[in-house]
Amino acid sequence: MLPIINSKQPNSGTTIFTVMSVLAAEHNAINLGQGFPDFAMDEELTGLVTAAMRKGYNQYVHMNGLAALREQLAEKIRFLYNCKVDAEKEITITPGGTYAIFTALTTVLQPGDEVIVFEPAYDSYIPTIEINGAVPVLIPLTFPSYKIDWELVKQKITPKTKMIMLNSPHNPTGSVLSEDDITQLRSIVKDTGIFILSDEVYEHLIFDGLQHQSMLRYPDLLERSFVCFSFGKTYHCTGWKIGYCVAPAALMSEFRKIHQFNCFSTNSTVQFALAEFLQQKEKYLELGPFIQQKRDYFASLMQQTKFKALPSYGSYFQLYSYEGLSDENERELAIRITKEYGVASIPVSVFYKQPTDNKVLRFCFAKKESTLEEAVNRLIRFR
């Protein structure tokens, strides 16, 4: 008799991102589905990686991350958010932002704990909660603005509520937290034992002069938070899979107990390069305006199509409504557009646990202008 796996994720299959990317390749479609740039990253940074390799920086660095990199991150946090972080005790370098999120959830959650998750939600959140034996408490963002209904949040808080998960700028919608959201959040968690996990991988990709409402700005929120970031989104190197987590020393100590047995050391060569590159503040300060130009250019092109834009204030993404254009559900239409018109997108319904169909698709605009132009030329023909 062969052993049988009792699956921890019996309802999970291949992710929609893989499905749509394979479909795009099969039909020679332009892939505006997955969130990765198709333009070259900064040559100086890639040069620093090469130089680090040649200097012999190819062996393990400290489990918590290269000290020089953590020190540069602490300086960045001080500069951006007026927040003093202990580089030694409160920052850990991780193999990607998703890994940081997984580790933070695994650090905190026990079977039966409840975690408030706002939908649509990045696809790793709910499976990770469930793998840890906890229960996702799903709250829909208000359509079409995708704002948080804080009164509903208050109703969903129970003695079992262990954590609230936030994501701003938001994937997939491009919405961002406001100062009022922070006020409401503060009121809800005050004098409770509720943790916050803040997914801030798009911290620099925020538009229209808005301020990123990081948990790092607010000491009373940071004291209960794990804040997760991604170098891949900041420097257009998503394939490097390198990120970091910031948390108070007591929380980070527990985070590292999980981290040490899952990833002894994160890519060392890249850390040496990033430690030097981070000293140039202008490199990350110019990212928001750079990506906003791409959002604006894509939006101007899309006015030639029948799709209606929903506001995007950050991230790589903008949602477009096809309400009144087709009765097909989002997945059906995304597949048809890929096959018939040669443009891959992502149906927003896949970011919900329960079926939903608001007639919106997610497009990634972090592409070369020529890529966006060709994609829209194809979408103009849509009917």
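Predicted model: local features only at pLDDT ≥ 70, side-chain atom pairs only at ≥ 80, totals over all residues.

User: Okay, how much space is in the largest pocket?
Analyst: The largest pocket holds about 700 Å³ of space. It is lined by 23 residues, and those closest to its centre are Asn-11, Ser-12, Asp-123, Pro-127 and Val-350.

User: Which elements give two or more residues to that lining?
Analyst: For the largest pocket, those elements are helix 1, which covers 16-26, and helix 5, which covers 125-131. The largest share of this lining comes from helix 5, with 3 residues.

User: And how do the residues of that lining divide by class?
Analyst: The lining of the largest pocket has 10 nonpolar residues, together with 7 polar and 6 charged ones.

User: What volume does the second largest pocket have?
Analyst: Its volume is about 490 Å³. The second largest pocket is lined by 25 residues, and the ones closest to its centre are Gly-35, Thr-98, Tyr-122, Tyr-202 and Lys-233.

User: Which element gives the most to the lining there?
Analyst: For the second largest pocket that is helix 4, which gives 3 residues to the lining. The elements that give two or more residues to this lining are helix 4, at 97-108, and helix 9, at 231-234. By class, the lining of the second largest pocket divides into 9 nonpolar, 11 polar and 5 charged residues.

User: Let's change topic to the cavities. How many of 30 Å³ or more are there?
Analyst: The count comes to 2 cavities of 30 Å³ or more. The largest cavity has about 190 Å³ of space, while the second largest cavity has about 30 Å³.

User: Which residues lie nearest the centre of the largest cavity?
Analyst: Phe-118, Leu-141, Ile-148, Asn-167 and His-170 lie nearest the centre of the largest cavity, which is lined by 19 residues. Strand 3 and strand 5, the latter at 161-167, each supply at least two residues of that lining, and the largest share, 3 residues, comes from strand 5.

User: What classes do those lining residues fall into?
Analyst: In the lining of the largest cavity there are 13 nonpolar residues, along with 4 polar and 2 charged ones.

User: Then which residues line the second largest cavity?
Analyst: The second largest cavity is lined by Lys-76, Glu-203, Phe-229, Ser-230, Phe-231, Thr-234, Tyr-235 and Tyr-244. Strand 7, at 225-230, and helix 9 each supply at least two residues of this lining, and by class the lining has 4 nonpolar, 2 polar and 2 charged residues.

User: One last topic: where is the place of Asp-113?
Analyst: Asp-113 sits in the loop between helix 4 and strand 3, and strand 3 covers 114-119.

User: Does Asp-113 count as buried or exposed, and why?
Analyst: Asp-113 counts as buried because its relative accessibility is 11%, and buried means under 20%.

User: Which side chain is joined to that of Asp-113 by a polar contact?
Analyst: The partner is Lys-162, whose side chain is joined to the side chain of Asp-113 by a polar contact of 2.9 Å. If we leave aside neighbours within four places in sequence, Asp-113 is in contact with Val-108, Ala-134, Val-135, Lys-160 and Lys-162.

Technical notes:
Residues numbered from 1 in each chain as written. Heavy atoms only, no water. 1 Å grid on protein atoms, 1.4 Å probe; cavity = no way out; pocket = protein on both sides within 12 Å on 5 of 7 lines; lining within 4 Å. Points joined across faces, edges and corners; volume = space filled by probe spheres on them. Helix = DSSP H or I, 4+ residues; strand = E, 2+ residues; numbered from the N terminus. Nonpolar A, V, L, I, M, F, W, Y, C, P; charged D, E, K, R; others polar. Buried < 20%, exposed > 50% of the residue type's maximum accessible area, 1.4 Å probe, protein only. Polar contact = N/O pair within 3.5 Å; in protein donor to acceptor, adjacent residues only side chain to side chain. Contact = heavy atoms within 4.5 Å.
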